[in-house]
Amino acid sequence: MRESNHFSKLLLRRACLFIFLVLAVFPGMTATAKPADPPEEEPQLDNTIQTRSAGLAWGSPDGAHSVYAWPFQVVQMGHVIQSYQDYGGAPYFHHGIDMVAPNGTEVFTRSGGQVVNIQNYGSGGLYWEVAILDAEGYVWQYHHIDKLSIPSAVHQAYQSWQADHQHGGFILPDTKLGEIVYWPVKSFNDLFHHIHLNILAAGDIYLNPLEFHTLLPDNQPPFIQKTGLLVNNAIIPGGTITESQIPTYGLYIHSGDLFLSPVYTLPPYKIAFSLDGAPWTTVWEFHTIPGGSGISQFVNDFYVVPPTCGDYGCREFYIDLGFTLQGQRPFPSQNGSHTILVQVWDYNQNSAQDSYSWTVVHPSSVVYAGLSGAYTPAGNLIQWSTTSQGDALGFNLYRSESLEGQKTKINSSLIPRLNLNTAEYSYTDDSAVLGRVYWYWLEDEDGYGPTGVYYGPQIVRTGLALSLPLVIKGEAN
Ligand SMILES: [Zn+2]
């Protein structure tokens, strides 16, 4: 009895310590929504659209469309389509925009069109949708309209649409749809009265509603708080990746943006990077969300969770720079220092840049015994030998047109290792241009990728049967 009592006290103490550690490591988790709070949108447990206005849009996701005035004077921008959301259900991309204004503000359709839905899609009075199908085939879902404020003419139009989908339900541009409902939950010290607007294209793909409205003023550029390293999708301190970490390492940015608001942090609209001087790569630009019609698809791939959080009290966005729709993008395995330039933009094209350098420790385990090269009529014949090959799987042969010049890999597939410690290799470079001088280098590759450790150079004057033996063992990038 005493023993088990002691044991349960020990368990309790361990549990408290664990909770303390979790809170200390992920302070964002302390600010999650209270379970009693109504979520900003009803919990979305799957990838389907839950209202009756689904399946009606026919406008092309990438088609040209009109641009309209705003449905009311937007006081603050509460969320954008890329915002991470987690109100205790399944996390999802916000997929619409939250336009914040006082409760009771009148909401107008600027496009006009057919009233294709009036529906309470959640529980309680907060989740009333009025949906308009515009003349260009896009469905506008206005959420959080006060039920009692929906004009009878809009109700009648909806009935008329139900009776005749082709000819019924039309309302003119600038028709009032209702008023903003009283929102009972505070977000950053203010009640979060707002309209959540989704715009759907054919296939129920969510489009960025900012593209359908005149540009709002936004002179607050986005910001990058930090760029850093991930291993196994978790943030690691420091700036070094060891050999065994190479297969699962990545990079993230902690970034945010303010848009017509001093408090509601949003994720950036577009993220791009340039790695070790290579051309710029766009991680994502939020014309649509990565999942198209799937709002939870890819959300845990695009964001690093934790510490990313998104609810009434916590808005911190950590974006995985390795994100692609096909899966995680690999980062360099080559030994030595690497640098990434990152740029983020908001919708108005304000931007911010950051630069980050890290070190990959990836030693070569090959001991070379020699490297030689000679011109032959079949091409430049490169030969090398090893006395030890460690975990190497094979070799890459590079050449440059000057000692400091850009090294270009000339073998299309890895030159496989021979299963002998003292091994002799040869490779004929038949793409060498007659009359040119080339410097040749070897690099070995193991199960973690190319090591980036170069052996050489060996100079060959193409067309001359003589070559000068010149071997310097060195590391270069
Ligand atoms: Zn919303």
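Strand β26 (residues 379-388) is joined to β30 by seven bridges, and the two run antiparallel. Strands here are DSSP runs of E with at least two residues, helices are runs of H or I with at least four residues, and both are numbered from the N terminus. The model is a predicted one: local features need pLDDT of at least 70, side-chain atom pairs count only at pLDDT 80 or more, and totals for chains, interfaces and linings use all residues. Residue numbers start from 1 along each chain, as its sequence is written.

**The sheet around β26**

- Within this pairing, S385 stands opposite E424 in β30.
- Strands β25, β26 and β30 form an open sheet in the order β25-β26-β30, with antiparallel pairing. Two strands count as paired if DSSP finds at least two bridges between them.
- The edge strands are β25 (367-376) and β30 (423-429), as each pairs on one side only.
- On average, neighbouring strands of this sheet are turned by 15° against each other, direction ignored. The axes behind such angles are lines fitted to C-alpha atoms (for helices, over the stretch in contact), and angles run from 0 to 180 degrees between N-to-C directions.

**The whole protein**

- Three helices and 32 strands make up the count for this protein.
- Of its 477 residues, 39% count as buried. Buried means that 20 or more other C-beta atoms lie within 10 Å of a residue's own; exposed means 12 or fewer, and partly exposed is in between, with C-beta atoms placed from the backbone.
- Among contacts with a separation of 6 or more, 68% come from residues 24 or more positions apart. A contact means that the C-beta atoms of two residues, placed from the backbone, lie within 7 Å.

**Cis peptide bonds to look for**

- P306 and P307 are joined by a cis peptide bond, with omega about 15°. You can find P307 in the loop between α3 (299-302) and β21 (309-310).
- G456 and P457 are joined by a cis peptide bond too, with omega about 5°. P457 sits in strand β32 (residues 449-461).

- H95 has a phi near 65°, a positive value in a residue other than glycine. Look for H95 in the loop between β3 (92-93) and β4 (97-100). H95 is buried, because 31 other C-beta atoms lie within 10 Å.
- D204 has a phi near 55°, again positive in a residue other than glycine. Its place is in the loop between β13 (194-201) and β14 (205-207). D204 is buried, because 20 other C-beta atoms lie within 10 Å.
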